[in-house]
Amino acid sequence: MSKLILSRRRLIQAGAVGAGGLLLSGCDRLTRKPEVLDFLGQAEDLHRVTQRGLAGDALAREFSESQMSPTFRANGSLAVADPVYRAHFAQGFSQWALRVDGLVAHPLMLPLSALKAMPQRTQITRHDCVEGWSAIGKWTGPRLAALLDLARLRPEARYLVFHCADLYGGRPYYESIDLVEAFHPQTILAWAMNGQPLEEQHGAPLRLRVERQLGYKHAKFVTRIEAVASLAGIYGGKGGYWEDNGRYAWYAGI
Amino acid sequence: MSDIAPPAEPPPAQEAHPQGGDLVKRHRLSTRLWHWTNAVTLLIMLMSGLMIFNAHARLYWGEYGANFDTPWLKIGSARIGTYEYGYLQVAGHRTETTGLLGYWQDPDGTPHRRAFPYWATIPSAYSLADARTWHLAFAWVLSLGLTAYLIWSLVNRHIQRDIHITRREWRLRHVWHEVKDHARLRLPTGAAALRYNTLQKIAYAIVLFGLLPLMILTGLALSPSTDAWAPLVTEVFGGRQTARSIHFLCAFALVGFFIVHIAMVLLAGPFNELRSMVTGWYRLPKEPER
């Protein structure tokens with residue numbers, strides 16, 4: 001009798017372990033199902049609408065020099081292999097120019113000297129990486145809004161796409177923002193960091209600062225800004241390198 | 001937790017003096033709904049949160065913190081000769097955690113150098129983006145659920161009636177008495193099992209008014225957009241990295257609550273406890289015979 005009970009108990013135990021294992025692996029399959037992730041990913045719209053509604057034009061917090069990170073961590077591409085970039089780098093970017101085109105009335109080619117001659121904004125802000133770390137640094141450059149005023153956006157323009165000189169994992173890096181973020185006073189094209197021209201690892205000669213969003217939106221090595229009506233048809237169509245290559249949110253305010 | 005039990009409405013006439021063995025209504029529908037929604041939500045939040053932590057397995061104090069700065073907590077892996085091991089480092093002290101944290105093998109035997117192992121994370125294989133999709137979607141369920149539950153529990157007086165800790169209950173002697181009863185596993189019986197005891201009230205109050213709101217606030221403090229429109233949320237904690245540390249500590253305090261919670265359910269009779277949280281009906285434990 002006790003033998004029977006024992007074997008029955010074993011049977012139940014084995015069944016429970018088996019069912020548990022099935023349940024776990026079933027759950028794990030569920031957590032990776034594209035349909036489920038697409039559904040949950042729709043919360044991104046909720047995040048964007050809520051955050052935008054609450055934030056309005058609010059400025060990102062700015063800090064004092066004493067609050068800056070002793071060493072600012074660089075992430076993503078730390079160097080660029082592109083020969084054209086290397087040639088510009090060797091010349092100190094003296095012959096380099098930023099292209100602004102797409103849905104604009106006046107396409108521009110702006111040399112670094114022209115960008116430096118525009119009214120400058122300097123801000124000490126916290127860079128928040130999607131991975132969880134933060135670093136505080138000082139950024140200087142013209143407001144993106146000033147460039148857009150020069151180029152005159154056409155009415156159908158809705159997004160600005162930032163094309164970069166670097167390849168990450170063999171694919172071109174790019175990012176995009178909408179007009180709300182583009183005309184925000186703290187959205188600048190920084191050519192200086194902590195009072196020095198940008199180092200290569202931080203995106204020389206020019207990087208986007210879009211202070212109310214996570215680090216991957218802050219495109220480095222920017223060579224071209226393209227105004228578009230829709231993000232469809234640009235690379236993977238989701239508006240950015242990480243958005244195309246891994247379900248990262250296009251709205252990166254949280 | 002186990003030996004709980006406020007009646008939902010004033011008990012019907014025949015149950016005016018309930019005693020051990022009686023089947024009584026114990027949990028309101030709002031409590032039951034919120035309980036099970038939270039059970040699922042918190043599990044998802046925890047497991048997807050552990051995956052997000054895996055992306056940067058260090059914690060700092062202050063506003064900034066990255067690889068060049070000194071973390072107060074770090075999970076990592078290292079190698080001595082050919083021996084590779086995982087470790088947890090807190091305030092400079094390393095403990096080896098091979099197989100559990102920092103260095104572990106998946107079911108196929110492949111070693112991984114990530115903080116939390118596959119069985120503890122959503123999804124099981126490394127994906128910061130998918131973990132964030134789960135975490136941020138269910139953050140809405142958690143925060144809207146908590147808000148609705150707190151408002152409703154004020155309206156139906158659940159908080160005032162069942163969770164409010166009276167002055168008598170705060171007395172040290174009373175609390176000590178309950179601690180001793182719990183330590184001896186002498187759980188309330190009969191009509192006494194209808195009410196939350198002081199330790200339960202304290203535990204629930206800490207979770208409801210402390211840990212859960214702190215989880216939500218420290219989570220919001222991590223958002224660069226929230227930091228723009230509500231800088232105070234980050235500032236009160238002393239910076240984004242401190243908020244991230246508190247987020248992590250509160251998550252583990254909730255895990256601690258969960259373990260005690262499950263232990264008490266098992267000790268108090270899992271069938272009766274589960275029934276009361278599913279159907280609302282609870283059989284009062286019989287008074288000991290004298």
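In chain B, the UniProt record (an unreviewed entry) places the feature "transmembrane region" at residues 33-53, 134-155, 202-222 and 246-267; UniProt positions follow the numbering used here, feature names are shortened, and annotations may be inferred rather than shown by experiment. The model is predicted: local features need pLDDT of at least 70, side-chain atom pairs count only at pLDDT 80 or more, and totals for chains, interfaces and linings use all residues. Residues are numbered from 1 along each chain as its sequence is written, chains are lettered from A and ligands numbered from 1 in the order in which they are written, and side-chain values use heavy atoms, with hydrogens and water left out.

Two of the annotated segments were examined for secondary structure, in which helices (H or I, at least four residues) and strands (E, at least two) are DSSP runs numbered from the N terminus. Residues 202-222 of chain B are 95% helix and 0% strand, with the end C-alpha atoms 29 Å apart. For residues 246-267 of chain B the values are 100% helix and 0% strand, and the end C-alpha atoms lie 31 Å apart.

Chain B also contains an open sheet of 4 strands in the order S2-S3-S4-S5, with antiparallel pairing; two strands pair if DSSP finds at least two bridges between them. Its edge strands, each pairing on one side only, are S2 (58-59) and S5 (93-96) of chain B. S2(B) is joined to S3(B) (residues 73-80) by 2 bridges in the antiparallel sense, and B:Arg58 stands opposite B:Lys74. Between S3(B) and S4(B) (residues 83-90) there are 8 bridges, again antiparallel, with B:Ile80 opposite B:Tyr83. These two strands form a hairpin with 2 residues between them, and B:Gly81 in the turn has a positive phi of about 60°. S4(B) in turn pairs with S5(B) in the antiparallel sense over 4 bridges, where B:Val90 has B:His93 as its bridge partner. The hairpin of S4(B) and S5(B) has 2 residues between the strands, and B:Ala91 in its turn has a positive phi of about 50°.

Chain A comprises 8 helices and 11 strands. Its radius of gyration, taken over C-alpha atoms, is 24 Å, well over the 18 Å that the globule rule (2.2 Å times the number of residues to the power 0.38) gives for 254 residues, so chain A is more spread out than a compact globule. Along the principal axes, its C-alpha atoms fill a box of roughly 95 × 45 × 40 Å. Within chain A, strands S3 (residues 120-128) and S4 (residues 134-142) run antiparallel and are joined by 9 bridges; A:Arg126 has A:Ile136 in S4(A) as its bridge partner. The hairpin of S3(A) and S4(A) has 5 residues between the strands, and A:Gly132 takes a positive phi near 120°.

Of the 254 residues of chain A, 49% count as buried (under 20% relative accessible area; exposed is over 50% and partly exposed in between, with a 1.4 Å probe and protein chains only).
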